[in-house]
Amino acid sequence: MKIHFIGIGGIGISGLAKYLHAQGAEISGSDISEGNATKYLKSHGVTITIPHNANCIANQDLIIHSAIIKPSNVEVQEAHKKGIKVLSRKEALAFILKEKRVFSVCGAHGKSTTSAILSAIFPQYGAIIGADSKEFGSNVREAKSETIIFEADESDKSFLNSNPYYAIVPNAEPEHMESYNHNLDEFYGAYKDFILKAKKRVLNTSDAFLHSLADIEAIRLNPKTDIKNIHFELNDDEPCTSFELKHYGEFRIWGFGEHMAENASLAILCAIDELGEAQLPAIKQNLQHFKGIKKRFDILSKGDTTIIDDYAHHPTEILATLKSVAIYNNLKPHKKIIAIWQPHKYSRVLDNLESFVNCFENGCDELVILPVWRAGEEHIGIDFAKLFARYNPTFATHLKAKDGKIYLYENEVLLKILENALIIGLGAGDITYQLRGEK
């Protein structure tokens, strides 16, 4: 097929484009500006047009667009004129995955990590992940295979279109409730529908809702009883968690934290079910290929000043990340721990306000708060100074990373320089680019 992607630079759309290109489809695409994804696709022979242009639409069989593309887009309009089928990414998933054997991973937290661990265990399968795996330097494992590891998205209900063979669920904590009319019954109903669509299920029953699904046949992980003897160490200066899982022996996974042991355990239990217990040595060996994913406890620099970037943008995620920071600091002590938080969306802050206020209580010595990353939302006045007064936070408009240090600014005025500390950046906005000196 000839398939054109509008908004091909986005991580979700570029993932589909890379995957379908590897399956043999003829791919083209467009976006408003150049980026890493468009450069990568160009280097692999994909025709990319910057910016959008109606002339891109010629004789394609199908047009797929990202969620932010409006019906008024010139390429969408041209496709309709020419009678070419146009699908959103959400709609396209059902079409792309309908004949595939999908290991579909969905949850509020941990789905990118669990997906990347599964891909390390099954390198022969294709994969589409919501972040770049450091193992293969991409969000897509471009293997030509009928089986695919797929990070499914609950934020827009598109996980229901992922055709799961395995449904692997780390948790089902309420998030993105605007997609569910702020109705918990609708939210949990969608998760149950997703789980029931699968032929096989792997569930973390430490989650109260997943625990309640006792009547559904599934492989269940109860971390309190199934995971034992968790140990943390630095291995060649890289974080490592070792643990014992049920009667299967000891496993080692890159990263720090009990959540890493849980995510890895879900992937391991799925692999044992898929391959059989006789393949445990191969499963353990392939686990070592996992080296983390970009923006998840991503160690950017080490030394007296250590800088870590983490995508955590929900209180549960921030708490888990700060626990990982504490483990790192115990093994490699620094003078202090500084957290830089870029709140993500006014609605998320307000929906979880008390949890956000409390989640920094024991995790850092200093707190820096950046402006809210709006993600398209209208401004809402939130008195962060009053709400977070107990931390005596520093408020900065932006930061710059230079010479292994972090420079905090209020507009053009330098407020302070952060150094000789373990610095953790938290957020899903552009903080990741600021910490890398790319913005």
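**View 1. The start of helix α6 in a predicted model.** A side-chain oxygen of N183 comes to within 2.8 Å of the backbone nitrogen of D185 at the start of α6. Such a polar contact is a pair of N or O atoms within 3.5 Å; within protein, one must be able to donate a hydrogen and the other to accept it, and residues adjacent in sequence count only if both atoms are side-chain atoms. The model is predicted, so local features need pLDDT of at least 70 and side-chain atom pairs count only at pLDDT 80 or more, while totals for chains, interfaces and linings use all residues. Residues are numbered from 1 along each chain as its sequence is written, and side-chain values use heavy atoms, with hydrogens and water left out.

View 2. Helices (H or I, at least four residues) and strands (E, at least two) are DSSP runs, numbered from the N terminus. Helix α6 covers residues 184–197; at 1.5 Å a residue its 14 residues should span 20 Å, and its end C-alpha atoms are 20 Å apart, which agrees. The expected span is 1.5 Å times one less than the number of residues. Buried in α6 are F187, A190, Y191, F194 and I195 (buried means under 20% relative accessible area, exposed over 50%, partly exposed in between, with a 1.4 Å probe and protein chains only). Seen down the helix axis, these buried residues fall within an arc of 135 degrees, so they line one face of α6; the arc is that of the directions from the helix axis to the C-beta atoms. An α-helix has 3.6 residues a turn, so residues three or four places apart point the same way. The buried residues of α6 pack against β6 (101–105), β10 (164–169), β11 (200–204) and α7 (208–212), where contact means heavy atoms within 4.5 Å.

View 3. In the order β3-β2-β1-β4-β5, five strands form an open sheet with parallel pairing. Its edge strands, β3 (47–49) and β5 (85–88), each pair on one side only. Neighbouring strands of the sheet are turned by 20 degrees against each other on average, direction ignored. Two strands pair if DSSP finds at least two bridges between them; β2 (residues 26–30) and β3 have three, in the parallel sense. G29 has I48 in β3 as its bridge partner. Helix α4 (residues 89–97) packs on the sheet and touches β4 (62–65) and β5, its direction making about 105 degrees with that of β5. Axes are lines fitted to C-alpha atoms, for helices over the stretch in contact, and angles run from 0 to 180 degrees between N-to-C directions.

**View 4. Residue R89 of helix α4.** R89 lies in α4 and is buried, with a relative accessible area of 16%. Leaving aside neighbours within four places in sequence, R89 is in contact with G12, I13, L16, I64, H65, F150 and S158. The R89 side chain reaches the backbone oxygen of G12 at 3.4 Å.

**View 5. Two hairpins that share strand β22.** Strands β21 (residues 398–402) and β22 (residues 405–410) pair in the antiparallel sense over five bridges, and A401 has I406 as its bridge partner in β22. Two residues lie between these strands, and D403 takes a positive phi near 55 degrees in this hairpin. Strand β22 is also joined to β23 (residues 413–418) by five bridges, and the two run antiparallel. The bridge partner of L408 in β23 is K416.
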